[in-house]
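Let's read a protein model together, one feature at a time. Have the picture open while we talk.

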Amino acid sequence: DPLAVDARHFRLEMDNNQVRVLRLHLGKGEKTATYAAQFAPLLVPLPAARLKTTDDKGAVNEATWRPGEVQWQMPGTAADENTGGEPYEAIIVEFKK
């Protein structure tokens, strides 16, 4: 659970019986702790961003996103690193059903 392992970067925005909404904030060059995403989340970056994601097997994925570009992600274990030149912030929506 991202909140349990990295409360410094993840903040709970909303939680009910249908969804949990998190806010992720990474300063320039910051990394999250490795976390497990139980549900397939919808991710919406707020500013433009460059992110490097490393999964639990060591596979690396680097992505560049435009502001508001909706991303559907698969559940799994990973760590994220802000490789862009500005702070990164995103809204993460986890659907429980």
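This is a predicted model: local features need pLDDT of at least 70, side-chain atom pairs count only at pLDDT 80 or more; totals for chains, interfaces and linings use all residues.

Q: How many aromatic pairs does the whole structure hold?
A: Rings of Phe, Tyr and Trp (its six-membered ring) pair if their centres lie within 6.5 Å; planes under 30 degrees apart count as stacked, over 60 as edge-to-face and the rest as tilted. Searching the whole structure gives 3 such pairs. One of them, Phe10 with Tyr35, is edge-to-face, with 5.1 Å from centre to centre and 65° between the planes. Phe10 belongs to strand E1 and Tyr35 to strand E3 (residues 35-37), so this pair ties together parts that are 25 residues apart in sequence. Strands (E, at least two residues) and helices (H or I, at least four) are DSSP runs, numbered from the N terminus. Phe10 counts as buried because its relative accessibility is 3%, and Tyr35 counts as buried at 12%. Trp65 and Tyr88 also form a pair, this one tilted, at 6.4 Å centre to centre with 45° between the planes. That pair links distant parts of the chain, with Trp65 in strand E6 (residues 60-65) and Tyr88 in strand E9, 23 residues apart.

Q: What is the order of the strands in the open sheet?
A: Strands of a sheet pair through backbone hydrogen bonds, either parallel or antiparallel. Two strands count as paired if DSSP finds at least two bridges between them. In this model, an open sheet of 5 strands runs E1-E2-E9-E4-E7, with antiparallel pairing. E1 and strand E7 (71-72) stand at the edges with a single partner strand each, so one side of each has no neighbour in the sheet.

Q: How do I follow E2 to its partners?
A: Start with E1 (residues 10-15), which pairs with E2 in the antiparallel sense over 5 bridges. A hairpin through 3 residues joins E1 to E2, and Arg11 has Arg23 in E2 as its bridge partner. Then turn to E9 (residues 88-95), which runs antiparallel to E2 and is joined to it by 8 bridges. Among the bridge partners are Val21 with Val93 and His25 with Glu89. E2 is mostly covered, with 6 of its 8 residues buried.

Q: Is Arg20 buried or exposed, and which side chains make polar contacts with the side chain of Arg20?
A: A polar contact is a pair of N or O atoms within 3.5 Å; within protein, one must be able to donate a hydrogen and the other to accept it, and residues adjacent in sequence count only if both atoms are side-chain atoms. Arg20 sits in strand E2 (residues 19-26) and counts as buried because its relative accessibility is 12%. The side chain of Arg20 makes polar contacts with the side chains of Asp1 at 2.8 Å and Glu94 at 2.6 Å.

Q: Where is Thr83?
A: Thr83 is in the loop between strand E8 (76-82) and E9. Thr83 is partly exposed, because its relative accessible area is 24%.

How values were computed
Residues are numbered from 1 along each chain as its sequence is written. Side-chain values use heavy atoms; hydrogens and water are left out. Buried means under 20% relative accessible area, exposed over 50%, partly exposed in between (1.4 Å probe, protein chains only).
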